[in-house]
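Open the structure in your viewer and keep the selection tool ready. This tour goes stop by stop.

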Amino acid sequence: MTMMIITVFLTVIAAVLAILVKNSQTGSGIFAPPEISGSRDVFPSAKVVNLTGASGPESIAFDPAGEGPYVGVSDGRILKWRGEPLGWSDFAHTSSNRQECVRPFAPELEIVCGRPLGLRFDKKTGDLYIADAYFGLLVVGPAGGLAKPLVTEAEGQPFRFTNDLDIDEQEDVIYFTDTSARFQRRQFLAAVLNVDKTGRFIKYDRSSKKATVLLQGLAFANGVALSKDRSFVLVVETTTCKILRLWLSGPNAGTHQVFAELPGFPDNIRRNSNGEFWVALHSKKGLFAKLSLTQTWFRDLVLRLPISPQRLHSLFTGGIPHATAIKLSESGKVLEVLEDKEGKTLRFISEVEEKDGKLWIGSVLVPFLGVYDL
């Protein structure tokens, strides 16, 4: 009888929250995504490059010849864009077991098919380095094909959710993140809601093949970007809405501090040719998300609600799909905020790559890339 009462109570709470979120879809409800001062709602004019039979182009990379972009998608492949006449073609994959990998979006098969997230090319060799959520750090040559694993553990602890990377070609090292020791990629929202702090930031030495943990205890370790002068490296901490800076050289070498605090949940971070950084926000941080992450009683209630992961994601992101990109200076100052406030064209973006006067914009959830002319 008690369990029945609890179930009814939770169902009523879920219904009330759903109504509140529906009201927020006008942009004025209590759970609606907050406004950001000075932002420009320009992304509705972005162009869209559709993926055929694929979804979730989370990361974007151009090869040393400037060709591409290349994107990693939900079924474990890396695709290459060959322009309007030719469209997309298969370039690489992270799993040799691809018999079941035929659906564009099947989270339950990621552990079999792989899920390539962060992508970076070595500009000297043309090799593509891949952070696969399930298979660790991998590399594939300029001709593509099956990627080769490089490392799957650091200091005795296996990776559980490899996420993003950047390459210091002069030092011959790769910096990358292992998001969580508890949760895998398909459980990303649970990792945030549980305020999991088991993420790690790791350095892989390509010559010695050794992986060293540089930072640990991170709350959803995510995007990685090296500074233009290689004096520091940035690592995104998604749950706290912060970007951390770890000094690699100079008087502060080995220390870290907060580089920027953001009005939402950052995913990947990419440096442009001027040394500035573009940060993609998965969503802005509204009231529901704030309560979930700061009030234990509210979080416990949310985790017990009898609702689907999709409904929970809608609650957490404010009920309105939207897109927000923030450009930061080399010192962490906000220079520009570009948005699609109502998700008319772009939503839930994961990465912003600036190239030749355009922003190429990825998302872990949609079947297309966005392209915005600056």
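A charge sits over a ring if NZ of Lys or CZ of Arg is within 6 Å of the ring centre and within 35 degrees of the ring normal. Keep that rule in mind for the first stop. One caution before you start: this is a predicted model.

**Stop 1: charges over rings**

Select Arg-245 and Phe-232. The charged end of Arg-245 sits over the ring of Phe-232, at 5.1 Å from the ring's centre. Now move to Lys-355 and Phe-62. Here the charged end of Lys-355 lies over the Phe-62 ring, 5.1 Å from its centre.

**Stop 2: the annotated region**

Select residues 163–250. The UniProt record, an unreviewed entry, annotates this span as "domain: Strictosidine synthase conserved region". Colour the span by secondary structure: 7% is helix and 52% is strand. Its end C-alpha atoms lie 28 Å apart.

**Stop 3: a four-stranded sheet**

Next, show strands E6, E7, E8 and E10. They form an open sheet in the order E6-E7-E8-E10, with antiparallel pairing. Which strands are at the edges? They are E6 (116–121) and E10 (148–151), and each pairs on one side only. Look along the sheet for its twist, which averages 30° from one strand to the next.

Zoom in on E6 and its partner E7 (residues 128–132). Four bridges join this antiparallel pair. Select Arg-120 to find Tyr-129 of E7 standing opposite. In general, strands of a sheet pair through backbone hydrogen bonds, either parallel or antiparallel.

**Stop 4: aromatic pairs**

Display the aromatic side chains. The whole structure holds 16 aromatic pairs. Begin with Trp-81 and Trp-88, a tilted pair with centres 5.1 Å apart and planes at 55°. Are these two buried or exposed? Buried means under 20% relative accessible area. Trp-81 has 13% relative accessibility, so it counts as buried. Trp-88 has 16%, so Trp-88 counts as buried too.

Go on to Phe-161 and Phe-220. This pair is edge-to-face, 5.6 Å centre to centre, with 80° between the planes. It links distant parts of the chain, 59 residues apart. Phe-161 is in the loop between strand E12 (157–158) and strand E13 (162–168). Phe-220 is in the loop between strand E16 (210–218) and strand E17 (221–226). Both Phe-161 and Phe-220 are buried.

**Last stop: an aromatic cluster**

Finish by selecting Phe-31, Phe-288, Trp-297 and Phe-298. Together they make one aromatic cluster.

Note on methods: Residues are numbered from 1 along each chain as its sequence is written. This is a predicted model: local features need pLDDT of at least 70, side-chain atom pairs count only at pLDDT 80 or more; totals for chains, interfaces and linings use all residues. Side-chain values use heavy atoms; hydrogens and water are left out. UniProt positions are given in the numbering used here, feature names are shortened, and annotations may be inferred rather than shown by experiment. Helices (H or I, at least four residues) and strands (E, at least two) are DSSP runs, numbered from the N terminus. Two strands pair if DSSP finds at least two bridges between them. Axes are lines fitted to C-alpha atoms, for helices over the stretch in contact, and angles run from 0 to 180 degrees between N-to-C directions. Rings of Phe, Tyr and Trp (its six-membered ring) pair if their centres lie within 6.5 Å; planes under 30 degrees apart count as stacked, over 60 as edge-to-face and the rest as tilted. Buried means under 20% relative accessible area, exposed over 50%, partly exposed in between (1.4 Å probe, protein chains only).
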